[in-house]
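Colleague: I would like a close look at one helix pair. Please keep it brisk.

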Amino acid sequence: MDFQLCSSVSSVLNFACISMSKIYCDNAAGTPVADEVADYMDKIQREIFGNPSSLHRFGQGALAVVEKSRRQVAITLGCSPGELYFTGSGSEANNLILRGSLKPGDHLITSAVEHASVYQTALELRKTGVAVSLLRPDSTGKISVEDVGAHIRPETKLISLMLVNNELGTLNSLKELAELAGEQNILLHSDAIQAYGKLPVDINNPKVDFLSISAHKIYGPKGTGAAFVRKGLKLEPFVYGGGQEGNLRAGTENVAGIGGFGVAAELICYGRKMLTNHLKQIMESFNKTLLDLKIAYHINGHSAIPGFVNITFPEISAETLMINLDLMGFAISAGSACSSGTLEPSRVLREIGMDSSEAEKTVRISFGKNNTVEDGIALARAIRKIIERITKQEVISNG
Amino acid sequence: MAEKVMVAMSGGVDSSVALLRVMEMGYNPIGVTMKLWKYDDVGGNLVNDTNCCSVDTVKGAKLVCDRLGVPHYTIDFTDIFRKQVVNDFADEYLRGRTPNPCVRCNSFVKWAAFFEQARVVGAGRIATGHYARIEAANGSFYLKKGVDPLKDQAYVLWGIPRRTLADTLLPLGDLTKREVREIARKNNLETAETPESMEICFVADDNYKRFLNDFRPQEVSKITRGKILENGEVVGEHPGYINYTIGQRKGLGLSRPEPRYVKKIDPASNTITVGKKDELESAGCYVSQVNWLIDEPAYPLNVLAQIRYKSRPVEAFVSQTENRLRVEFSKPKLSVTPGQSIVFFKQDIVLGGGIIESQ
């Protein structure tokens, strides 16, 4: 198809693809795939095509890829490989854990600022007879442990709170939550999808019963997530079929994706400290340039993730900023997109008490390992340029 | 760097080819799909994969843009669309008139908010896939009919602000629909075979009565049965005046050797007046909300006037009354319908237009 495309419209195509710098600053949405990961996945796709369930050597080779990856990822979480189940995404891992552990009559404590894959699942479970407490955050997006304690009742089966908020980067007090859950004998799940690979994540410190992670936030492929399920805990199967993934999630394994996840996990967890320093430097230079250029802004939440900031620019709408930055080659996130691709007001920003006019001017910027300090400076300068142009236009049209 | 042009991408074949042509003209295009309506608000989304603003049409637009290496965004215009187009659509039907929402969308959304959006993305011009032409002569820009008589859309563009003509590209005006499809196929555009959309985009099931009922339930529920009159005498009963439009024959429940047509709708007295075909003819009409795409002419003025999207223009004589125009047709016209647009032409140049008020 692509060759056809080039031959049919090549003249215009060459024109449109004028060499433009591309600076990706939306790593919280998904990271570029590391070369090592892509190379390994390519090798698997071409050479290790067997079905892991087959008993011949082709199957054996594929099974080895899956199990090697399970070990690689398990090590990074401090769990045993048998406690790790691969899924089709982080969202699926969240669904698997919530839907697999709760039944009508149970009580779930979660929050109003969870990722949609927890929040919407909780709302669905409520319809089936699961009691759900949706706790409200403080103005930074954090859930109070006291509030969790106050909501515990005899039927409380599960507490599900994210490790860091995916829009704000704010950290929850997982240690205190784990103590509370342990004392009260309640299961604890943490959605660590946004934190994993960026902050230390260890299933025993603090001790959690369930954890969700995803490969595409750690320079791995899209379409592969994983659920940690502590040994001895039983979940209801999520997909019935051939019994893959410990009977929880049937279906022929995404061998290349899982293989890529393993490599990505290994790379990120060994290099995390260095990466953290690198990202902090980029963020400092970005902030400093904003100040130097006298750009009005304020930061929302308390981001614990290096290189990650939720930021309001009162002079420009997020949509306008995002589109204009994209046209200049910079990718950032302007709230959550709905299915048709327009921007929807953010539930998280509303929950932390932001009014809609402010939320409409709020974006998320997340640097990654491929960014440089110069990218941070260039992004701030680009923002300045856009704000200048737009506000000048407004003056003209109002005057 | 080439000048930026913001292209309105509906996800259909026309706007896709418009984009391609904008590129061929040497511009640097940006594709924007306007999100105009949320179907879940007022239902009726029975055929969601062929309608504007659905996820599938947005994806079609995105695919085409991506194939051509063009950035694409979907921008929300639902507030202004509701305010300027959908509210007026409902108001007009409730007043017993027959609105033309596409005209209002062009006048008050596309060549207004969308046109303004171009500047926000740094584009000096917009382009759309309408079948009409804009030509420059003597330092002015003129709107002309498209060359394809079957597809010509000049009629729905009479209300756009004249100043926007200079910064508007209509790259399909010199093509026929058949040629547009051929270009799309030749270039493997994903939207090459998208079906023609004829219905009102926000009334996805093409059932405007159902729509009004869902959109304005309180007001519609107050509309009661009423009398059907002919020559001042009661000849029958109607189930509610919003079910009728001028010239309508069906749904009157009258059995006469010679058919009767709706001649007049009067919400105030809740009556429908019917008549024989020849009684539907009017010698002229009053016109308001006039917009000129030329320097305002001196009256009286001889024009060709078109009173419906698919009707043939007829010679007419335009004069000015207090705050309206009076149009006299050279021959009486059938079913001159309040709420519809009347467009004035000289040959194939659109001079201007307005809204028909009364006969």
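How do the axes of helix α4 of chain B and helix α5 of chain B come together, and at roughly what angle do they cross?

Modeller: A caution to start: this is a predicted model. Helix α4(B) covers residues 78-94, and helix α5(B) covers residues 101-120. Their axes come within 9 Å. The crossing angle is roughly 165 degrees. Angles over 145 degrees count as roughly antiparallel, and therefore α4(B) and α5(B) are roughly antiparallel to each other. The crossing of α4(B) past α5(B) is right-handed.

Now the residues. From α4(B), the contact uses Ile80(B), Phe81(B), Gln84(B), Val85(B), Asp88(B) and Phe89(B). From α5(B) come Pro101(B), Arg104(B), Cys105(B), Phe108(B), Val109(B) and Ala113(B). By class, nine of the contact residues are nonpolar, one is polar and two are charged.

Helix α4(A), residues 90-101, and helix α5(A), residues 116-127, have axes that come within 9 Å. They cross at roughly 30 degrees. This crossing is right-handed. On the α4(A) side, the contact is made by Gly90(A), Ser91(A), Asn94(A), Asn95(A), Leu98(A) and Arg99(A). On the α5(A) side, Ser117(A), Val118(A), Thr121(A), Ala122(A) and Leu125(A) take part. Here the classes are four nonpolar, six polar and one charged.

Technical notes
Residues numbered from 1 in each chain as written. Chains lettered and ligands numbered in written order. Predicted model: local features only at pLDDT ≥ 70, side-chain atom pairs only at ≥ 80, totals over all residues. Axes fitted to C-alpha atoms, helices over the stretch in contact; angles between N-to-C directions. Helix = DSSP H or I, 4+ residues; strand = E, 2+ residues; numbered from the N terminus. Parallel < 35°, antiparallel > 145°, perpendicular 65-115°, else oblique. Left-handed = near helix turned anticlockwise from the far one by under 90°. Contact = placed C-beta atoms within 7 Å. Nonpolar A, V, L, I, M, F, W, Y, C, P; charged D, E, K, R; others polar.
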